[in-house]
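This report walks through one model, from its ligand shell to its sheets, helices and loops. Keep the structure open while reading.

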Amino acid sequence: PTAMTKTKQLETLDKDHYLHPASVPGQKPKMIFKEGKGIHVTNTDGDRYIDGISMLWNVNLGHGQKELAEAARQQMDSLAFASSFAGYSNEPAIHLASTLAEWAPEGLNASFFTSGGSESNDTAFKIARFYWQLKEQPQKTKFLALRQGYHGVTIGAGTATALHGFHRFAGTHIPDVLHATPHLTACEQGDRNHPQFSESLRALIEAEGADTIAGIIIEPIQGSGGVYMPPEGYLQAVRDLCDEQNVLMIADEVINGFGRTGAKFAVNHANIVPDLMCLAKGITSGYAQLGAVMIHDDIKTVLDTFGQVMAHGFTYSGHPSACAVALKNLEIIERDRIIEQVQQMEHVMTNGLRYLEERHEVVHLSRNKGLIGAFELFQSREREERFPAEWKTGLDFVDMCFDKKLILRALGGADGKSIVALAPPLIITETEIQSMIERLDDALSVFETKYCG
Ligand code: PLP
């Protein structure tokens with residue numbers, strides 16, 4: 001069969017049998033990916049696209065990295081899987097845990113492995129509660145999270161997630177998770193006259209009682225909620241608040257970690273050390289399913305006193321093949337100076353976004369740190385007027401980019417915003433960023449013709 005008819009057959013099989021995550025059920029797929037190389041992916045019809053969002057913010061070393069495939073092959077050849085339960089261990093998991101201790105901020109030296117970000121966040125919640133039980137403060141069970149935060153979809157993490165659709169899906173809630181208004185530095189520093197003080201982290205802790213709060217979970221830079229950067233001093237203010245109120249700080253670095261923001265971890269920009277740090281995605285550049293929760297020495301010391309089985313863990317905790325891929329991934333990031341390269345590419349992306357703002361009236365509020373960025377589509381910049389929410393301009397614009405062979409992601413639709421997110425693979429070159437910007441430039445012209453007359 002020709003490529004076209006083969007695609008049609010696959011689409012039918014997909015529609016009938018494959019229930020997709022975060023998709024409208026019963027629809028044919030938008031695109032069936034077949035292969036990838038560097039920043040490009042190709043579909044079953046042979047069309048080649050720039051992957052401007054690293055698939056799900058995770059393919060950080062780009063597609064078709066032979067060394068990662070080889071690391072998986074070698075480990076699968078010798079020992080594909082081994083149990084980590086009940087005292088068993090394996091070499092890649094041991095080496096990865098010790099390598100992560102070198103990578104992480106000072107004081108975070110131990111890792112619990114999972115298969116992804118949601119599991120990491122649920123694990124962090126459980127470890128935090130367990131820690132308070134061992135500290136004889138079992139009433140410290142509640143967690144605070146931020147509005148617009150995304151922490152995954154398992155029941156615990158999904159409750160912390162504050163994006164409406166995900167949060168409400170099938171009534172999946174656990175009690176004891178509260179949401180604060182994000183990023184109000186003054187409130188966290190104690191400014192009670194601030195108009196939004198009553199919805200701040202500080203106000204919630206005070207209202208609930210610090211003796212009931214186990215921890216605060218935040219993405220240092222919010223990803224799926226809309227790519228929101230914390231204002232200067234915010235993360236330090238949260239760290240100070242946690243210390244003052246005896247609450248654990250959980251940094252969800254699932255998107256941010258491993259170079260995405262131009263540092264090993266986004267907390268490094270603020271020079272703070274969280275008590276727990278959740279990792280996934282970029283830990284293997286998406287080549288294997290792996291997550292981790294790193295815990296501070298203070299927590300590790302307390303756990304070590306327990307002396308009984310800590311009854312938590314997944315079959316794939318410490319999966320040797322996944323850990324071998326992660327080790328190779330970290331080796332390549334260091335060897336090829338990927339983080340330094342991201343720091344250099346940061347200004348290329350900033351300039352590109354500025355160029356788009358200059359050329360297109362609809363582009364507003366552009367922002368980026370390292371190679372995570374966004375801009376928003378506005379009907380009028382002067383009047384700060386957005387497009388009517390029901391027009392779904394973000395989704396429509398992303399389709400226009402798609403026509404220009406560029407894959408991006410629209411965010412914020414449920415809040416009536418049209419946020420366009422950019423997070424290309426970290427190996428992207430200056431010329432490739434420029435080519436992304438050119439495609440955006442073309443798509444914006446199409447968009448303006450349709451929406452601005
Ligand atoms: N935390 C953050 C910040 C994320 O962006 C995501 C996924 O996008 C998750 C957690 C959940 O990770 P996973 O989908 O691997 O469970």
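A residue counts as near a molecule if its C-beta atom, placed from the backbone, lies within 6 Å of it. The model discussed here is predicted.

## Ligand shell

There are 14 residues around the ligand. Of these, G116, G117, S118, G152 and V254 come nearest. Helix α5, residues 117-134, supplies three residues, the largest share of the shell.

## The seven-strand sheet

Seven strands form an open sheet with mixed pairing. Their order is β4-β10-β9-β8-β7-β5-β6. Strands β4 (108-114) and β6 (177-180) stand at the edges. Each has a single partner strand, so one side of each is left without a neighbour in the sheet. From one strand to the next, the twist averages 25 degrees.

Inside this order, β5 (residues 142-146) pairs with β7 (residues 213-218). The two run in the parallel sense, and three bridges join them. F143 stands opposite G215 in β7. In a regular strand, side chains alternate between the two faces of the sheet.

## Helices across β4 and β10

Which helices lie across β4 and β10? Helix α4 (residues 91-103) is one of them. Helix α4 runs at about 135 degrees to β4. Strand β10 covers residues 291-296.

Helix α12 (residues 297-304) also lies across β4 and β10. Here the angle is given to β10, and it is about 90 degrees.

## Packing of α3 and α13

Helix α3 (residues 66-79) packs with helix α13 (residues 320-335). The angle is about 150 degrees, and the axes are 8 Å apart. The crossing of α3 and α13 is right-handed.

On the α3 side, the contact is made by E67, L68, A71, A72, Q75, M76 and L79. On the α13 side, the contact residues are P320, S321, A324, V325, K328, N329 and I332. Which classes do the residues of this contact fall into? Nine are nonpolar, three are polar and two are charged.

## The four-strand sheet

Another open sheet has four strands in the order β1-β2-β3-β14. Its pairing is mixed. The edge strands are β1 (33-37) and β14, and each pairs on one side only.

Strands β2 (residues 40-43) and β3 (residues 48-51) run antiparallel and share three bridges. The bridge partner of H40 in β3 is I50. On to the next pairing: β3 and β14 (residues 406-407) run in the parallel sense, with two bridges. There, D51 has I407 of β14 as its bridge partner.

H183 has a positive phi of about 60 degrees, although H183 is not a glycine. H183 is found in the loop between β6 and α8 (185-188). Is H183 buried or exposed? A residue is buried if 20 or more other C-beta atoms lie within 10 Å of its own. H183 has 21 other C-beta atoms within 10 Å, so H183 is buried.

N271 also has a positive phi, near 60 degrees, in a residue other than glycine. Its loop runs between α11 (267-270) and β9 (276-279). N271 has 10 within 10 Å, so N271 is exposed.

E390 lies in the loop between β13 (385-386) and α15 (393-403). Why does E390 count as exposed? Because E390 has 7 C-beta neighbours inside 10 Å. E390 and A157 are 233 residues apart in sequence. In space, they are 29 Å apart, C-alpha to C-alpha.

How values were computed:
Residues are numbered from 1 along each chain as its sequence is written. This is a predicted model: local features need pLDDT of at least 70, side-chain atom pairs count only at pLDDT 80 or more; totals for chains, interfaces and linings use all residues. Axes are lines fitted to C-alpha atoms, for helices over the stretch in contact, and angles run from 0 to 180 degrees between N-to-C directions. A crossing is left-handed if the near helix is turned anticlockwise from the far one by less than a right angle, and right-handed if clockwise. Two residues are in contact if their C-beta atoms, placed from the backbone, lie within 7 Å. Ala, Val, Leu, Ile, Met, Phe, Trp, Tyr, Cys and Pro count as nonpolar, Asp, Glu, Lys and Arg as charged, and the others, Gly among them, as polar. Two strands pair if DSSP finds at least two bridges between them. A residue is buried if 20 or more other C-beta atoms lie within 10 Å of its own, exposed if 12 or fewer, and partly exposed in between; C-beta atoms are placed from the backbone.
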